Amino acid sequence: MARDLKASLTKMGYFVTGVAAAGEEALEMAGENRPDLVLMDIMFDGDIDGIETAQRMRDRHDVPVIYLTAFGDQATFARAKQTL
C-alpha cells in the first residue's frame with residue numbers, strides 16, 4: 001500500500017523522500033531528509049509502533065504526522081490522539 005501511495009503522490013507532483021517498514025528506519029529517514037509532512041501507519045514492524053515513532057519524530061524533528069491505518073479500535077485512537 002505504501003508504494004501505491006508513493007506512486008500516486010509522485011504523479012500528483014509531490015516529492016516523496018522515502019518509505020520505511022520499521023519505526024527506527026522512519027526516524028533515521030526523517031533525520032536525514034527533513035520531510036515537511038509524514039504519513040504514518042499506526043502498525044509498524046520492529047520494536048516501536050507507528051504511534052511511538054510519530055511521538056519521537058515530533059519530539060526530535062518537529063514534523064507533522066498524519067496517521068493512516070486499517071486498525072480502528074478506541075484504545076489505539078486514544079493513544080494516537082495523545083501525540084497530536
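Modeller: A salt bridge is taken here as a side-chain nitrogen of Lys or Arg within 4 Å of a carboxyl oxygen of Asp or Glu. The model is predicted, so local features need pLDDT of at least 70 and side-chain atom pairs pLDDT 80 or more, while totals for chains, interfaces and linings use all residues. Residues are numbered from 1 along each chain as its sequence is written, and side-chain values use heavy atoms, without hydrogens or water.

A search of the whole structure returns two salt bridges. One of them joins Asp 49 to Arg 79, with 2.7 Å between the closest N and O atoms. Asp 49 belongs to the loop between β1 and α3, whereas Arg 79 belongs to helix α4 (residues 74-81), so this pair ties together parts that are 30 residues apart in sequence. Helices (H or I, at least four residues) and strands (E, at least two) are DSSP runs numbered from the N terminus. Arg 79 has a relative accessibility of 38% and therefore counts as partly exposed; buried means under 20%, exposed over 50%, and partly exposed in between (1.4 Å probe, protein chains only).

The other salt bridge is formed by the side chains of Glu 52 and Arg 56, at 2.9 Å from N to O. Here both partners sit in helix α3, four residues apart, about one turn of the helix. Glu 52 is partly exposed because its relative accessible area is 31%, and Arg 56, at 29%, is likewise classed as partly exposed. In general, side chains of opposite charge can pair when their charged atoms come close.

The loop that carries Asp 49 also holds Gly 46. Gly 46 counts as exposed, since its relative accessibility is 56%. Its C-alpha atom is separated by 20 Å from that of Asp 59, a residue 13 positions away along the chain.

The helices and strands named so far belong to a chain with four helices and two strands, in the order α-α-β-α-β-α along the sequence. The C-alpha atoms fill a box of roughly 35 × 25 × 20 Å along the principal axes. Of the 84 residues, 30% count as buried. Among contacts (heavy atoms within 4.5 Å) with a separation of 6 or more, 55% come from residues 24 or more positions apart.

Leaving aside residues up to four places away in sequence, Val 65 touches Val 38, Met 40, Ala 54 and Arg 58. Strand β2 spans residues 65-68 and includes Leu 68, which is partly exposed because its relative accessible area is 33%.

Two loop residues deserve attention for their backbone. Arg 34, in the loop between α2 and β1, has phi near 45 degrees, a positive value in a residue other than glycine. Asp 62, in the loop between α3 and β2, has phi near 50 degrees, again positive and in a residue other than glycine. Most residues other than glycine have a negative phi. Arg 34 is exposed, with a relative accessible area of 53%, and Asp 62 is exposed at 66%.

Finally, the loop between α1 (2-11) and α2 contains Val 19, which is partly exposed at 36% relative accessible area. Although Val 19 and Arg 3 are 16 residues apart in sequence, their C-alpha atoms lie 7.5 Å apart. With residues up to four places away excluded, Val 19 touches Ala 2, Lys 6, Glu 25 and Met 29.
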